[in-house]
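Here are my notes after a pass through the model, as promised. Have it open while you read.

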Amino acid sequence: MTVILVTGMSGTGKSAALLALEERGYRVVDTDYGDWTENVPGTDGRAPEPQWHEARIDLLIADHERSGEPLFIAER
């Protein structure tokens, strides 16, 4: 099982790349959509920051390990 993390600055085409991979039959997850992130309080009084909801991501990967297929995950 392979998990590929798709990263990049905003507007670089991560979502478009995921769409193209999905059209080719790969499993993809865009963490910009759905309940994949949670706001975590910032340190030293800073504003909360969105971070991956670790338990959900862990379940996603554990469930996907059985498939033997690649999984592409895009981060914010």
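1. Tyr26 comes out at 36% relative accessibility, so it counts as partly exposed (buried is under 20% relative accessible area, exposed is over 50%, partly exposed is in between, with a 1.4 Å probe and protein chains only). Bear in mind that this is a predicted model, where local features need pLDDT of at least 70 and side-chain atom pairs count only at pLDDT 80 or more, while totals for chains, interfaces and linings use all residues. Residues are numbered from 1 along each chain as its sequence is written, and side-chain values use heavy atoms, with hydrogens and water left out.

2. What does Tyr26 pair with? Its partner is Phe72, in an edge-to-face aromatic pair with 5.4 Å centre to centre and 75° between the planes. The rule takes rings of Phe, Tyr and Trp (its six-membered ring) with centres within 6.5 Å, and calls planes under 30 degrees apart stacked, over 60 edge-to-face and the rest tilted. The count by this rule comes to one aromatic pair. Since Tyr26 lies in the loop between helix 1 (14-23) and strand 2, and Phe72 in strand 5, the pair ties together parts that are 46 residues apart in sequence. Helices (H or I, at least four residues) and strands (E, at least two) are DSSP runs, numbered from the N terminus.

3. Phe72, at 12% relative accessibility, counts as buried. On strand 5, Phe72 and Ala74 point one way, Leu71 and Ile73 the other, and all are buried. In a regular strand the side chains alternate between the two faces of the sheet.

4. Those residues turn up again in the cores. A nonpolar core here is a set of buried Ala, Val, Leu, Ile, Met, Phe, Trp, Tyr and Cys residues joined through side-chain atoms within 4.5 Å. The largest has six residues: Val29, Trp36, Ile57, Leu60, Leu71 and Ile73. Helix 2 (54-64) and strand 5 (71-74) each supply at least two residues of this core. A second, separate core of five residues includes Val6, Leu18, Phe72 and Ala74.

5. Strand 5 also has pairing partners (two strands pair if DSSP finds at least two bridges between them). Strand 1 (residues 3-6) pairs with strand 5 in the parallel sense over four bridges, with Ile4 opposite Phe72. Strand 2 runs parallel to strand 5 too, joined by four bridges, and there Asp30 stands opposite Ala74.

6. Is Asp30 buried or exposed? It has a relative accessible area of 15%, so Asp30 is buried. Leaving aside neighbours within four places in sequence, Asp30 is in contact (heavy atoms within 4.5 Å) with Ser15, Leu18, Trp36 and Ala74. Trp36 has a charge over its ring as well: the charged end of Arg56 sits 4.2 Å from the ring centre. The test there is NZ of Lys or CZ of Arg within 6 Å of the ring centre and within 35 degrees of the ring normal.

7. On helix 2, the buried residues are Ile57, Leu60 and His64. They cover an arc of only 60° around the axis, which puts them on the same side of helix 2; the arc is that of the directions from the helix axis to the C-beta atoms. These buried residues pack against strand 2 (27-30), strand 4 and strand 5. Glu54 and Leu59, on the other side of helix 2, are exposed.
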